[in-house]
Amino acid sequence: MKHVRSVSAILALGSMSLASARLDAQAGPPAAVAASATLQRVHVDTAGDGSVWVLAPGYKARFARDMVEFFPSFGRHADRLFPVSFRVRSIQRGARALAFDAHALPHFEGDHVRFDRGVVQEVWDLRPDEVEQSFVLSDLSGDGDLVVRLDVTSELTATDAHDGVRFAHARFGHVQYGDVLAFDGAGQQATAPSRLCAGGIELRVPAAFANAARGPLTLDPVVRSIGVDSGSTQTLSADVAFEPTTGNWLVAYAREFATTDSDIITRRFNSAGDFLEEVAVAIGSRESRNPAVGANGPGRQFLIAWDEDTGIANRVILGRTRDAANTAQGSTFTVLDTPGIGMDDLAPQVGGSIATDVTGANYAVLCLSDNSNGQHASYVRVSTSGVATRLGTASAIGLEAADVRISKARANGETWIGAYLAFSGSVRHAYAVQLAVSGTPIRSQPIDTTADCRLGGVAGRGSNYFVVYAHTVGAGNSDVFGAVVRATATAFNSDPPVNLTALEPGAVSAVHQASPTLAFDGCRYTYAYQEAAGAAGSFDLFAAVVSVPGMIFSDGHRPLHAATTARETNPAMVSTGEMGRAIARSFVVFERLTSGELDVAGVLFDGHASGGGVTTLATGCGGLQLAALSEPILGGTALLRATALQPSSQVFLIGLPVAPIRLCQSTCALGVLPILLTAVGTELALPIPCGATLVGAAVAVQNVLLGAAGGCQPPATPLPLVTSPTLVLTVR
């Protein structure tokens, strides 16, 4: 049964990244069913008192007439239950309280539990590892902000976080109540944070957006923690790609079945991070390892590549294509098999494409290969039909390569950029390589030959790229370094490397940072890395956002998860912006070791600055409203919509914000001065350049209807007019 949500938030269970679904049994005869201690689905039971109990892989919950109790699954090491209880305290529109039935009984319907509270419907969607709370409001009349307050009780420690509210246990994990995204029936959007208030949580929707809402108002999470795969089975070596046509993410990882047998699994998520399904890519008795994944936009397709033991003393690179819109997969094919016994091909990396030129229906695969002189980097082109062509050796002649990376995308007229490590004695130095789209010309360039390096990531578009890596600065200590790489048809060079850790706000140079990964969001670069924390061998994950080449940070040392005792390592990431879609959204996957169990986890990350956004000045009169449909994000487009009263007579005023200037005896006021631009109509798309210095800059926008009654009249103003509220857009 479908329903329209009006206020919702995600509770991400356990330690931020529980599995969205468990692994299905591997292929075999249907006659025998193996017993499993792991739940596979959501179970629901109705008690005699009318309450509804839910048991799921990641939680328990009790839905009663007086409250909802949520019991996170903190695992066998938790000595008792740690419930978080929710009760609706109030729903208000400005000073007007909306009446609702606080003691309604719950009703289980399909995959959700519903409370009919009169003008308010409270709905809880049930998923294997999370629940989603929604309020459906049939009455939005009134003036002022729409505010929903919940009473929350728990012995877990409550704190405001960058992505919502967290209720944390020092040892076992946390429950996250995520931030939300407001949108109406017409598709207008605005962000709405969830924040702690006295005794609970407050969700607030600005009055300007509520006034302009068309149809039911919906609030959904913006950032959530995503579980990829957790449990007793070891899962590792994750990679992720984004396909722009469908807007879907694909995570590929290895799953150990036995000591010498591992399989390749993929899990697909939609653009919001909702789990869609799980598909096995490589099943058999061989050891399949090191999966990588890339996307081809024009082909609406993914390519998964991995290395596999052939059973005759060498490893080969295999590949398989996957439709981005469904579960259809192509047949397994050989990407690279270097001739000779003991000649291994290892650790592939896949570069995707959004190109529509004659070579657009291809991927690039960079991997390590053995030859008689040691190990080098091989470059292979793979078509969307599964035809592989080796184009040459990517690493410099005479150097033994140790690791490879490749950019996730290329567009028309661009090349892929790779990076690799090369040995100089026992020390590894960092190099970049320009990879020709067709033919064999390949140019290599040293990045850092001053210290021992560990490779991280390479990303970018056009002629400018960025490489990040770990650079040793002392015994047992490395910092994150980065270098700008410039690639044209006639030149390939790099700027001197920069110590990013030394520049990053909040980062500590004396602490060991390692395994950085990188994504280009279409304007800025987001990199994530593991940082030593607590006990020896323990790591936490952090992220930073930087504009290059000026190395201007808009965010730094932002934790990707709540503090835990888990050891979290080897992140990989991709951004929608690099594939030509929305600015600032990335998906980070990583390995997590907890109590001896290794699993794969992930999180969606918004790379815009934490400050800024949209604020409202009270300058309106005559019922003319103005709403922001998107955030003012650097490199993005701010979309605004005014009430369509007489569109041909309505004008947008764009300029600097000013304290409201009363225009007449009415409430009509001017909030934009000086007026730098004007535009006729009721919808405005305001592009925001990529200049890093614009972060924190503010612009004011107001809509005015000329020749209308109900506002200012001559002689106070030359023409009759009404004005909208003024929106102040502060770039994030």
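Start by selecting Asp 239: this residue is buried, with a relative accessible area of 8%. Keep in mind as you look around that you are viewing a predicted model. Asp 239 sits in strand β22 (residues 235–243), while Lys 408 is in the loop between β34 (401–406) and β35 (416–424), so the bridge ties together parts that are 169 residues apart in sequence.

**Zoom out for a moment**

Show the whole chain as a cartoon. Its secondary structure consists of 2 helices and 58 strands. Of the 732 residues, 56% count as buried. Among contacts between residues at least 6 apart in sequence, 59% join residues at least 24 apart.

The whole structure holds 28 salt bridges. Select Glu 202 and Arg 149 next; their side chains meet in one of these, at 3.1 Å from N to O. Glu 202 belongs to strand β19 (residues 200–205) and Arg 149 to strand β12 (residues 146–153), so this pair links parts 53 residues apart in sequence. Are these two residues buried or exposed? Both Glu 202 and Arg 149 are buried.

For a contrast in setting, go to Asp 495 and Arg 486, whose closest N and O atoms are 2.6 Å apart in a salt bridge. Here Asp 495 is partly exposed at 23% relative accessibility, and Arg 486 is partly exposed at 29%.

**Nonpolar cores and a surface patch**

Show side chains for Phe 63, Phe 86, Ile 91 and Phe 167. Within the largest nonpolar core, of 41 residues, these touch the most other members. Apart from that core lies another, of 35 residues, including Leu 236, Val 240, Ala 411 and Val 600. In soluble globular proteins, nonpolar side chains tend to be buried together.

Now switch to a surface view and select Leu 656, Leu 676 and Leu 677. They form a nonpolar patch on the surface, with about 300 Å² of accessible area together. Leu 676, in strand β54 (residues 669–680), is exposed, with a relative accessible area of 56%.

**Last stop: the disulfides**

How many disulfides are there to find? The count comes to 3.

- Select Cys 523 and Cys 690, joined with an S to S distance of 2.4 Å. Cys 523 lies in the loop between β43 (513–520) and β44 (525–532) and Cys 690 in the loop between β55 (683–687) and β56 (698–706), so the link spans 167 residues in sequence. Cys 523 is buried, whereas Cys 690 is partly exposed.
- Select Cys 621 and Cys 668, joined at 1.9 Å. The torsion about their S-S bond is about 95 degrees, so this disulfide is right-handed. Both cysteines are buried.
- Select Cys 664 and Cys 712, joined at 2.0 Å. With -85 degrees about the S-S bond, this link is left-handed. Cys 664 is buried at 12% relative accessible area, and Cys 712 is buried at 0%.

Counting bonded cysteines along the chain, the pattern is 1-5, 2-4, 3-6. To finish, click on Cys 453, which is buried at 0% relative accessibility.

Methods. Residues numbered from 1 in each chain as written. Predicted model: local features only at pLDDT ≥ 70, side-chain atom pairs only at ≥ 80, totals over all residues. Heavy atoms only, no water. Helix = DSSP H or I, 4+ residues; strand = E, 2+ residues; numbered from the N terminus. Buried < 20%, exposed > 50% of the residue type's maximum accessible area, 1.4 Å probe, protein only. Contact = heavy atoms within 4.5 Å. Salt bridge = Lys/Arg side-chain N within 4 Å of Asp/Glu carboxyl O. Core = buried A, V, L, I, M, F, W, Y, C linked by side-chain atoms within 4.5 Å. Patch = residues over 30% accessible without salt bridge, like charges linked within 9 Å, V, L, I, M, F, W, Y side chains within 5 Å. Areas by Shrake-Rupley, 256 points an atom, 1.4 Å probe, with all protein chains shown as cover. Disulfide = S-S within 2.5 Å.
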